[in-house]
Amino acid sequence: GALVVLGSTAFSVGAQTTFDGLVYANYHLGLTRDSSLTPASQPNNFDVNRVHLTWRNLSDNGVSVRLTLDMDGRSAASNQLSMRVKFAHVSWNPKGSALKWKFGQQPVPIVGFIEDMYGYRMQGPVAIDGYRYQAAGDFGFAVEGGYRAEGLNFAAGVFNGENFFGAPGDHRKDVAARVSLRLKGTDDSSKTGGLRLTGYASVGAPTDGGSRHRALLLLSYATKRYTIAGEFAGTTDSTAGSANMPGTFVSLWGTYQKPDSPWGFMARLDRLDRNTDLSPAVATLASSVQTRVITGVSYRMAKALRVLVD
């Protein structure tokens, strides 16, 4: 026997339907010679590393639909840019309720929250996403809500755990939750504004067993002019029959937007240790502590166009 839950929804084009696009185009110049190139030289290329195309449709009864197509990098087989479905979910926000229920391929509780606060996804992913501990989306069922003008907001759900680009896997599921509390207000009254303490945790297992656990604490202070934040995370990973591999990362960053000016600034420092139990004699990217420093200056040329040199 089987329990099967089926659903369907339809798009309609009207006053409550929106379409938007997002493109990250880049020019990359390597500062050192790359010996893998023929002849050995500094990398020097134009490219497009991200495209999002999003449709949203909202009905009168609080039901909404979102579809996002995502172009992310080149296919290894053809070396061509390829599109895939990143988000495809239906949401229900009952009238008069602070809760929104989501079903389908959707954002996970933490990555988009940090990206909205950071504001520089164009430069690269935030730490928990960039180091492949948590992708931006997954298949699942979730609920989110906000109270007291977003002084407290949260999101929680049950997900496949294999991310939006992975196969469903086995019967195992990941449970993930985020809670964010505003400790002090500022001129930024959004869900990420003010002096905030945010906690996130996910508990799960990869396909065929093992452990896949994440815990993250985020302390942030956000105004309309600048944001300062520190992320502190611990991770545990293993496969069936193997010992747990404990890891940690710290990401400290700040952004500044000059008032009444198109100029902005960002700086970020990451420290990643994928396995705190190892002290290898030979340094490798898989086992050694890694430190990354990023700085940049941005200029908004128009409402929908911003350029970053980093």
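**Strand pairing and aromatic contacts**

Asp-70 stands opposite Arg-84 of β4. Strand β3 (residues 63-74) pairs with β4 (residues 81-92) in the antiparallel sense, over 10 bridges. The model is predicted: local features need pLDDT of at least 70, side-chain atom pairs count only at pLDDT 80 or more, and totals for chains, interfaces and linings use all residues. Residues are numbered from 1 along each chain as its sequence is written, and side-chain values use heavy atoms, leaving out hydrogens and water.

**Strands**

- Strands (E, at least two residues) are DSSP runs, numbered from the N terminus.
- Two strands pair if DSSP finds at least two bridges between them.
- β4 also pairs with strand β5 (residues 99-107), in the antiparallel sense over 5 bridges.
- Ser-91 has Lys-102 in β5 as its bridge partner.
- β4 and β5 form a hairpin with 6 residues between them. Gly-96, in the turn, has a positive phi of about 80°.

**Aromatic pairs**

- A search of the whole structure finds 13 aromatic pairs. Rings of Phe, Tyr and Trp (its six-membered ring) pair if their centres lie within 6.5 Å; planes under 30 degrees apart count as stacked, over 60 as edge-to-face and the rest as tilted.
- Phe-164 and Phe-165 form an edge-to-face pair, 5.0 Å centre to centre with 80° between the planes.
- Phe-164 is buried because its relative accessibility is 8%, whereas Phe-165 is partly exposed at 47%. Buried means under 20% relative accessible area, exposed over 50% and partly exposed in between (1.4 Å probe, protein chains only).
- Tyr-221 and Tyr-226 form a tilted pair: 6.1 Å centre to centre, 35° between the planes.
- Tyr-221 is partly exposed, at 26% relative accessibility. Tyr-226 is partly exposed too, at 29%.
- Trp-101, Phe-103 and Phe-141 are linked into a cluster by ring pairs.

**Charges over rings**

- A charge sits over a ring if NZ of Lys or CZ of Arg is within 6 Å of the ring centre and within 35 degrees of the ring normal.
- Arg-178 lies over the face of Phe-113, 4.3 Å from the ring centre.
- Arg-306 places its charged end over the ring of Tyr-120, at 4.5 Å from the centre.

**Around Thr-227**

- Thr-227 lies in strand β11 (residues 226-239).
- Thr-227 counts as buried, because its relative accessibility is 7%.
- Leaving aside residues up to four places away in sequence, Thr-227 touches Met-117, Tyr-221, Ala-222, Trp-253, Gly-254 and Thr-255. Contact means heavy atoms within 4.5 Å.

Definitions and conventions. Helices (H or I, at least four residues) and strands (E, at least two) are DSSP runs, numbered from the N terminus.
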